[in-house]
Amino acid sequence: MRSSYLCFAIIFALIIVSYGWSQTSGSATESSIPYLQLTTPRRVMPDAQPWEGKEFPHTFSVLELNRGGYRYWGWYGLNEGAGVGLARSNDLINWTKYERNPLWTDARWPSVLQHADPRHPHLLYFAITRGYDTPSSYIVLATSKDGIHLTQTKTLVAAVPNQRNQNPNLFRDPLSGRFYLTFYRGNDRDHFEIISKSAGTVQDLDKAPEKVLMQTTDTVAAPTLLCVKNVPANDGTKKNVYYLATEIYPHRYTDNPEGEWQVKIFAADSPDGDFQPLASNPVMRGQRACLFQHVFNGRFYGYDCHLEDPEHWVLEETEAPLP
């Protein structure tokens with residue numbers, strides 16, 4: 001009996017170790033699916049506003065709104081979480097910052113959706129990080145009728161002692177219509193997770209169960225989702241692909257001179273699926289991170305942040321044709 005118990009315990013332990021390894025390290029298999037052919041990044045929004053102080057635009061979530069004389073509206077967060085600002089454009093390259101920024105303070109990383117509620121078709125939904133400069137940041141949901149005045153409605157991911165919950169990405173699956181919140185959780189040292197929550201409505205994301213998409217001791221954060229249809233596969237077929245963009249930092253917290261911020265892309269067949277790294281990674285390097293993925297007028301537009309020197313981030317724009 002004791003021998004049988006010992007055998008069972010060993011088998012159980014092996015199963016747990018195997019599961020933990022797959023969850024922690026992810027699959028070693030690289031996806032042969034290609035990413036988009038990005039143009040050379042160029043700087044956008046170079047002019048600072050007084051409220052930004054010594055911080056810089058770090059993320060950029062853009063919608064086509066056609067309001068107030070501007071076709072595109074974009075909401076940006078500063079790198080250290082001082083607040084959220086608004087900028088507007090008619091060509092996605094030349095942006096004019098709203099003269100009454102900031103829209104919110106103690107706020108970072110806005111991610112915005114429109115047409116999320118058929119009962120209120122003009123209402124905008126924002127997922128935003130609060131308490132960024134603390135070890136226990138959290139994520140809230142806000143709404144706005146005009147894109148300028150925001151009202152916090154609920155907490156999407158609650159604060160937990162010594163655990164950062166941040167980098168939210170709101171995404172509506174164009175195929176199923178389901179809503180997804182993807183975000184980073186960790187301690188910024190040796191524990192990093194990408195988490196997904198999904199629900200039938202934006203309002204129900206706070207109650208949705210969490211799914212760990214990846215877990216690692218190496219830096220991975222800043223997830224953003226994009227669905228691209230009809231991507232050519234190696235077998236000659238075309239697939240609908242979900243691209244998960246993340247930021248990574250190889251050799252972080254070491255003296256290795258090759259350490260730098262990079263953008264790493266994963267691919268799956270669903271917004272919370274089995275994401276595999278692309279063989280073409282990293283798709284952006286040279287101290288670049290936080291790639292926000294958008295499609296407008298049948299063309300890809302991405303906005304990333306670039307660390308030009310140890311104290312200075314800049315916002316950049318890159319483009320690509322779609323398959």
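Predicted model: local features only at pLDDT ≥ 70, side-chain atom pairs only at ≥ 80, totals over all residues.
Biologist: Hi! Is Lys 97 buried or exposed?

Modeller: Lys 97 is buried, with a relative accessible area of 12%. Buried here means under 20% relative accessible area, exposed means over 50%, and partly exposed lies in between (1.4 Å probe, protein chains only).

Biologist: Thanks! Which residue forms a salt bridge with Lys 97?

Modeller: Glu 52 does, and the closest N and O atoms are 2.8 Å apart. A salt bridge is a side-chain nitrogen of Lys or Arg within 4 Å of a carboxyl oxygen of Asp or Glu. The pair links distant parts of the chain, 45 residues apart: Lys 97 is in strand β5 (residues 95-97), and Glu 52 is in the loop between β1 (42-44) and β2 (57-67). Strands are DSSP runs (E, at least two residues), numbered from the N terminus. Glu 52 is buried too, at a relative accessible area of 2%.

Biologist: How many salt bridges does the structure hold?

Modeller: There are 14. One of them joins Arg 288 and Glu 316, at 2.7 Å from N to O. Arg 288 lies in strand β19 (residues 288-296) and Glu 316 in strand β21 (residues 312-321), so this pair ties together parts that are 28 residues apart in sequence. Arg 288 is buried at 17%, and Glu 316 is buried at 5%.

Biologist: What about Asp 117 and Arg 119?

Modeller: Their side chains meet in a salt bridge as well, at 3.2 Å from N to O. Here Asp 117 is buried, with a relative accessible area of 4%, whereas Arg 119 is exposed, at 63%.

Biologist: And which residues are linked in a network of salt bridges?

Modeller: Arg 42, Arg 299, Glu 317 and Glu 319.

Biologist: New topic: strand β4. How many of its residues are buried?

Modeller: 7 of its 7 residues, which are 83-89. Both faces are covered, with Gly 83, Gly 85, Ala 87 and Ser 89 on one side and Val 84, Leu 86 and Arg 88 on the other.

Biologist: Nice. How does β3 pair with β4?

Modeller: Strand β3 (residues 70-78) and β4 are antiparallel, over 6 bridges. Two strands count as paired if DSSP finds at least two bridges between them. Trp 75 stands opposite Leu 86 in β4. The hairpin of β3 and β4 has 4 residues between the strands, and Gly 81 there takes a positive phi near 85 degrees.

Biologist: What does β4 do with β5?

Modeller: β4 and β5 also pair in the antiparallel sense, over 3 bridges, and Ser 89 stands opposite Trp 95 in β5. Their hairpin has 5 residues between the strands, with Leu 92 at a positive phi near 70 degrees.

Biologist: Last one: how many disulfides does the structure hold?

Modeller: It holds 0. A disulfide is a pair of cysteine sulfur atoms within 2.5 Å. The sulfur of Cys 290 is 3.4 Å from the closest cysteine sulfur, in Cys 305, which is too far for a bond.

Biologist: Are those two cysteines buried or exposed?

Modeller: Cys 290 is buried at 1% relative accessibility, and Cys 305 is buried at 0%.

Definitions and conventions:
Residues numbered from 1 in each chain as written. Heavy atoms only, no water.
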